[in-house]
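Dear colleague,

I am passing on the structure below, and after it you will find my notes on what turned up when I went through it. Please read them with the structure open beside you.

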Amino acid sequence: MAVGKNNICHCGLSGKDYGKCCGRYHTGVKDTEKSPLEVLMTRYSAFCEGKADYLLKTWHKDFRPDISAKKFSREIKNGGKWLKLQVLGVWLNEDRTRAMIKYELTFRDAGGVCRSICISSFVYEGGKWFYTDEVDSADNNQLPGELDSKDSVLRELAAIGIKA
């Protein structure tokens with residue numbers, strides 16, 4: 001369901017209305033060059049808004065599914081309703097070219113309200129951040145400790161100009 005002109009953005013991270021937050025990315029006014037967190041929050045909002053073109057654009061070409069935006073849009077609309085995004089931790093390698101973000105999604109589908117803990121992987125290429133794929137979190141001992149650090153989230157929010 002689309003948000004109105006003066007409604008808080010779906011990502012819930014900035015406290016701004018959609019047009020001044022993730023909507024700027026969806027319309028091409030702003031690009032995802034600063035942080036993988038920009039990609040995560042804008043992709044979440046794109047799922048909420050049914051912006052399949054944007055989702056495909058921010059998916060790294062080596063991982064992007066072979067699907068038309070029109071068909072992908074139908075799948076999004078039939079997939080349920082996205083209710084909440086909560087970022088739990090952010091890890092970036094030393095040269096800020098690879099990243100992982102751990103987050104909790106809350107959504108409603110035919111079975112009711114569900115929560116899911118996810119870890120997504122991102123890569124910085126050509127001056128932009130791109131989503132690649134989901135990380136298998138079966139062995140949490142292999143994952144960086146920053147993925148469970150609220151401080152890591154606050155650092156990345158500051159990198160994109162959001163004060164928490």
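Predicted model: local features only at pLDDT ≥ 70, side-chain atom pairs only at ≥ 80, totals over all residues.

The structure holds 4 salt bridges, a salt bridge being counted when a side-chain nitrogen of Lys or Arg lies within 4 Å of a carboxyl oxygen of Asp or Glu. Residues are numbered from 1 along each chain as its sequence is written, and side-chain values use heavy atoms, with hydrogens and water left out.

One of the pairs is Lys 128 with Asp 31, whose side chains meet in a salt bridge at 3.2 Å, N to O. Lys 128 lies in strand β4 (residues 128-134) and Asp 31 in the loop between α1 (22-26) and α2 (36-49), so the pair ties together parts that are 97 residues apart in sequence. Helices (H or I, at least four residues) and strands (E, at least two) are DSSP runs here, numbered from the N terminus. Lys 128 counts as partly exposed at 29% relative accessibility, and Asp 31 is partly exposed as well, with a relative accessible area of 27%; buried means under 20% relative accessible area, exposed over 50%, and partly exposed in between, with a 1.4 Å probe and protein chains only.

Lys 61 forms a salt bridge with Glu 125, and the closest N and O atoms of this pair are 3.3 Å apart. This pair, too, links distant parts of the chain, with Lys 61 in the loop between α3 (52-57) and α4 (69-78) and Glu 125 in strand β3 (residues 112-125), 64 residues apart. Lys 61 counts as exposed at 54% relative accessibility, whereas Glu 125, at 34%, counts as partly exposed.

In a further salt bridge the side chains of Lys 102 and Asp 148 meet at 2.6 Å, N to O. Lys 102 lies in strand β2 and Asp 148 in the loop between β4 and α5 (150-159), so this pair ties together parts that are 46 residues apart in sequence. Lys 102 counts as buried at 14% relative accessibility, while Asp 148 is exposed, with a relative accessible area of 58%.

Strand β2 (residues 98-109) also runs antiparallel to strand β1 (residues 81-92), and 10 bridges join the two; strands are taken to pair if DSSP finds at least two bridges between them. Val 87 stands opposite Tyr 103 in β2. The two strands form a hairpin with 5 residues between them, and Arg 96 in the turn has a positive phi of about 55 degrees.

Ile 101 has its place in strand β2 as well, and is buried, with a relative accessible area of 0%. Leaving aside neighbours within four places in sequence, Ile 101 is in contact (heavy atoms within 4.5 Å) with residues including Pro 36, Leu 37, Leu 40, Val 87, Cys 118, Phe 122 and Leu 147. Gly 89 is 12 residues from Ile 101 in sequence and 5.8 Å from it in space, C-alpha to C-alpha.

Turning to α4, its buried residues are Phe 72, Ser 73 and Ile 76. These cover an arc of only 105 degrees around the axis (the arc of the directions from the helix axis to the C-beta atoms), which puts them on the same side of α4. The buried residues of α4 pack against α2 and α3, whereas the face turned away from the buried side carries the exposed residues Lys 70 and Asn 78. Just after α4, Gly 80 takes a positive phi of about 115 degrees.

As for the whole, the protein has 5 helices and 4 strands, and from the N terminus on its elements run α-α-α-α-β-β-β-β-α. Buried residues make up 46% of the 164 residues, and residues 24 or more positions apart account for 50% of the contacts with a separation of 6 or more. Along its principal axes the C-alpha trace spans about 35 × 35 × 30 Å.
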